[in-house]
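The report below walks through a few local regions of one structure, taking each in turn. Please keep the sequence and the model at hand while reading.

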Amino acid sequence: MLAPHALWWLALLVPVVLLFLLRRHPRTVPVSSLSLFAVRDPPPLRPRRIRDWPALLLAAATVVAAVLALARPAAEPAPDAVQSQPFRIELPRDVDPFLGAALRATGHETVAGEGTTVRMPGFGALEQAPASSTLAGGLRVDRIVAVRPNHPVLEGVAHKRLALLQTGLIEADGADVLWEGPAGPLLVARDDGEVRTVMIAFSPERSERLGRSAAWPVLVANAVAWVQDAQLADTRSTAPTASNLGTALLWLVLGLLLLEVWLFRRRRMGTRRRAAFLGARIGCLLLIGFAITGPACTAERADDVVVVRDRSESVDPAAVRDRVAPMDAQEVVDTDTTRTDLAAAIERAAGAADAGGRVVVVSDGRETHGHATAAARRAAIQGVRVDTIAVGGPRRPDARLVHVRPSQSRVHEGASVAIRAVASATTAGSLRVALFEGDKEVAATTREAQPDIPMAVDFVRPSGSPGTRRFEVRLDFEGDTIAHNNEAAISVEVGERAHVVILEGQQGEGRDLARALAVQGFDVDTRHPPGLDKSGAHDALVLANVPVFDLPAEAIVQLERYVRDGGALLVTGGPRAFGAGGYLGTPLAAMLPVDVRPRERDTTALVLVLDRSGSMRGAKMNLCRSAALAAAGTLRKDDRIGIVAFDVEPTWVAPLMPAGDQDALRARVAMLDAGGGTHILPAMKAGLDALGSVDARIKHMIVLSDGRTQGGAYAELARRAANTRVTISTVSIGEKTDRELMASIADIGKGRHYQTRDAADLPRILTADTADHAGDLVREGRFTGRTRDRHPMLSGWTPAPTMELTGYVRTQEKPGATVPLLARDDDPLLATRRLGSGVVLAFTSDVAPRWAGPWLKHPDSFSTFWAHVLRDAIAASGHAPLPPAAQPSQETTPGGFDAERLRAIARAGGGTYVAPGGAAPAFTTSRAFDLMPWLVQLFLLLFLVDLVIRRWERVEPVVQAMRKRAA
């Protein structure tokens, strides 16, 4: 296919060839009537007499050339249209699934790559913080602060209801912090003028809401568009483009003039008139032909210059004045004297400069507000060039507060308020940091400051009575040159005492925890048996070694609603909690941050001895079938399960078979029916014999009956089972069972006895007992808790040898949970997660002397730990605002200048960077001027001369009449 320029040459050569052919073949009939500029009217034209076909072809070729010019694209696609096109994006193989899904949802092509960086070749990158330093451990962030809510990356992104279950920290390193958490930046955008990068410190997969919310794909789409725009902005062109219609008309006129030249030999004119006519006609042809080529010329022109003058306290006013004075500035825009907002000043200056003008920034580049690089890029897109001239100031003694922040924005009466102040100094010296409450100094400390090295100072104050408390931090530094960056004030709301309800699984289970919390200023209510009120008028709820079958089904539903609506729930361990308490498969287990099934478990063989006497007919038997299947569901696929049903004689409903064969087991259980008397002993013997012949590390039997049995020798059978490492648990349904016998069998058989009046409890009881005995769920032995994940709840508290425990319930962490403390073998000891608007915590050891006895001998350590944990959980639940950070003026006097920032501003603005002492750039620009309009005007003037020459017979009488009248 011919290129566009080839079509132009072809259209230009066709008339030349036709002219050559017309000269070789003279016409018999003149066709000057084809011309718009004929000398005289020709005779009527008859089609049969036409033999001047070359002239007709010449006219047709001219029309074709005009049509081609009209169909030619008027201009290249606009940069914005290019920007919206999909891009080929390189994804690492282990990319977060939510990040990959969001990129594909925006229409971009994704390919496999390496590392942890999402790359758009030639543009920039989206980066996630390395997993080794951030995401493997991580912090929980319950509340996010948008530091720059107007940044393009955050456009349309709502963040107030978002929470990050696990995140790391990234260094801003001069970049723009978009999102910030209590411990540091979470989302950072870096722009060096050529390449843009967006860094993410978190994984949306490990977030309660972000990955599945509408905010996440919007955030990713914004980030991709912003990164791409770094290069697309440089492709914008403001060169003028000729109109297609105008070019087509010029081609048409050129063809007609060529035709007139061919017809020139038929003109009857004198020699002088003929020469004048030929010169005018050739001039018209040259002008039109030159105009079609789109000619232009360049000329130097002085620019309109608007100066941005940095008037902040970090620069030397004399140096700025010496730089600005020689420039012939159209206007001077000053920055604020108390802060450096170069972005706002550049925007005002660009508005004052005409398109094609210049903005010259005279500054040290140490901006404290705004985004000057982005403002320079926007100015360049508008056709305004941005140059930078560096000026430096002397380094003078100056101390400033970077920020002041309390640990919580709202605290309860009796709690402590932790206040952190971060300060920095430009020179070495003694820095005094004082905390004031009202006008009274309540604490102070003196530190040796090092130049430009931030240091943190922590203060702890009692909360006091309910109300609003105002704290102020002040700095005192010898020779300080800027005073207004030395003070910052914060406010803390103090509410009523926190109310905690402890539900005890056994009487006295939560007594020691209640005492410890009362010492720390909590109001504590202990309840046994466990029960919930519908008011939910408490700040936190604690389940202390509570088995699931001690909680009514409606209470578990109420618990989940309480947490999702903003409550804090703490579940502590014990022999009757977590997997040992029958949590598996219940809504309570789904709420927890840990999986009640441990990572590793010994092989298990389970035999269920079920009563099928006549009293078990109807609903009881249906529930018995469900309980058997539920118990099988707690086992692994390679474990074995058998079911023996008894009335007077035992019957094997399901001989020992793999627990993973659920379909076969379900078919056999369906055949279980009721009828006959009650004789347990033969069925127990059959089950014990079967367990003795199977190869399993753990062997367990559960005996279920609702009546009194026949025969004796049960104690002897239970001892035989204990000697062969077979444990026996018993379940008594109703009041007619031989409760004492069933309890003694369980006691001798080293199992548990369960008494229930409601057969509806059978699935939970059998599930709990199976989970308790199948796999060494309870591990005992002395250990000390170890830290793993950093978490705000443990700030100010360091694990010590005093935190010694003697047992815990084995679990494993769930994805998205945070595990601040570990027990033995890296099993979770303390874990937490968000659920809805609330927080759920799991402590797999107990808070009673059974396992926490050694720790209880150190009451200060015990009470301090639980106060930290519960206060943080209460503060994190609901939608409490992030503690406000007071940030005074960021102006300082470090001396020198930020050359990298000034270079980035100049690159983004299409200008030049001038170092201190360097020569200022010449404020002139070579500009292109389109000559086509001038050539067309000359053509029209010369065409009038041509017209006068051709129509001289009609013009001459008019001229003679004018001469006579003048004479």
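## Basis of the report

This is a predicted model, in which local features need pLDDT of at least 70 and side-chain atom pairs count only at pLDDT 80 or more, while totals for chains, interfaces and linings use all residues. Residues are numbered from 1 along each chain as its sequence is written, and side-chain values use heavy atoms, with hydrogens and water left out.

## A sheet of three strands

Strands (E, at least two residues) and helices (H or I, at least four) are DSSP runs numbered from the N terminus. Three strands form an open sheet in the order S16-S18-S21, with antiparallel pairing, where pairing requires that DSSP finds at least two bridges between two strands. At its edges lie strand S16 (399-406) and strand S21 (455-462), each of which pairs on one side only. Between S16 and strand S18 (residues 416-425) the antiparallel pairing runs over seven bridges.

## Helix H18 and its two faces

In helix H18 (residues 714-723), the buried residues are Tyr714, Leu717, Ala718 and Ala721, buried meaning under 20% relative accessible area, exposed over 50% and partly exposed in between, with a 1.4 Å probe and protein chains only. These residues cover an arc of only 100° around the axis, which puts them on the same side of H18; the arc is that of the directions from the helix axis to the C-beta atoms.

The face turned away from this buried side carries the exposed residues Glu716 and Asn723. The buried residues of H18 pack against helix H17 (681-692), strand S33 (726-733) and helix H19 (739-748). After H18 comes arginine 725, whose phi is positive, near 65°.

## Aspartate 846 in its loop

Aspartate 846 belongs to the loop between strand S41 (838-843) and helix H21 (849-856), and this residue is buried, with a relative accessible area of 0%. Its side chain is joined to that of arginine 850 by a polar contact of 2.9 Å, a term for a pair of N or O atoms within 3.5 Å of which, within protein, one must be able to donate a hydrogen and the other to accept it, and for which residues adjacent in sequence count only if both atoms are side-chain atoms.

A polar atom of the aspartate 846 side chain also lies 3.2 Å from the backbone nitrogen of alanine 852. Leaving aside neighbours within four places in sequence, aspartate 846 is in contact (heavy atoms within 4.5 Å) with residues including Glu509, Gly573 and Gly574.
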